[in-house]
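Here are my notes for when you go through this one. Keep the 3D view open while you read.

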Amino acid sequence: MGALLEVRDVRLSFGGLQALDGPSLTVGDSEVVGLIGPNGAGKTSLFNCISGLYRPQSGSIRIAGREVTGLPRHRIASLGVGRTFQNLGLLPSQSVLENVLAGAYHSTRGGWWATALALPRVARTEESVRATARALLADLGLAEVADRIVGTLPFGTLKRVELARALMSEPRLLLVDEPANGLVHSEVQELGQTLRRLTAERGTAILLVEHHMGLVTSVCDRVVVLNFGRLIAEGEPADVARDPEVVAAYLGSAAA
């Protein structure tokens, strides 16, 4: 059986700028793969191609063996791909619960007329989705803030809210973009435990973009390194951290 995610020779350019220069990678079921590299390496561009925000000029992206390159975002999401963003995309004037419910939009199929007419099946679906959302919030330690307005909560809590929203679609593959950014040490540790628990209990595969090397080495099974849109290294975290090209391109620049 093939990998859950297969990226092959993806190339993406904006005018004369080559954002992705043919990287290839795989993510298996229940695997956590780190995607690291210096700023501008192409990590978020690759995320955008996988999730359907960008369409690469060439290459192949497959989810569970199905070619998804160029499919719209909602189609890719319906195949079991969830995502968080580096810059939070939450609705600050809405409650935590309402934000998390937004993550189930593609799984509720009542339709506009059914909702407007308040058909019983729509009410049953909404009740079930709300129960799922509250259970998920409880699982992530957010039950006490479920009815709080998002704009009143601290940044570390908001990171967990966005993770809950992404999990509402029950993704097989979760793309997590710099979740440790802005978190204190204890929050980073808690985040790492949560990510590993997702793979152990839910079987969720994770592709993690992250600059916090402590988090990467503690949660990732493998690490892939990009630089200037090219793949320069791949392997276990400890081995990649010792790679001279990685040290020069990423770790060295971070320490400078």
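1. Start with Q57, which is exposed: its relative accessible area is 52%, and the cut-off for that label is over 50%. Bear in mind that this is a predicted model. You'll find Q57 in the loop that runs between α1 (43-51) and β5 (58-63).

2. Now see what Q57 touches. If you skip its neighbours within four places in sequence, Q57 is in contact with R11, L12 and S13. Q57 and R11 sit 46 residues apart in sequence, yet their C-alpha atoms are 5.8 Å apart in space. The Q57 side chain also reaches the backbone nitrogen of S13, at 2.7 Å.

3. Stay with R11 for a moment, as R11 makes a salt bridge with D21, and the closest N and O atoms are 3.7 Å apart. This pair links distant parts of the chain, with R11 in strand β1 (residues 5-14) and D21 in strand β2 (residues 17-21), 10 residues apart. R11 is partly exposed at 35% relative accessible area, and D21 is partly exposed too, at 30%.

4. How many salt bridges does a search of the whole structure find? It finds 13. Among them is D147 with R134, whose closest N and O atoms are 3.1 Å apart. Here D147 lies in the loop between α5 (120-139) and α6 (155-167), while R134 is in helix α5, 13 residues apart. D147 counts as exposed at 57%, whereas R134 is partly exposed at 40%.

5. Last, have a look at D139, R197, E201 and R202: salt bridges link them in a network.

Definitions and conventions:
Residues numbered from 1 in each chain as written. Predicted model: local features only at pLDDT ≥ 70, side-chain atom pairs only at ≥ 80, totals over all residues. Heavy atoms only, no water. Helix = DSSP H or I, 4+ residues; strand = E, 2+ residues; numbered from the N terminus. Buried < 20%, exposed > 50% of the residue type's maximum accessible area, 1.4 Å probe, protein only. Contact = heavy atoms within 4.5 Å. Polar contact = N/O pair within 3.5 Å; in protein donor to acceptor, adjacent residues only side chain to side chain. Salt bridge = Lys/Arg side-chain N within 4 Å of Asp/Glu carboxyl O.
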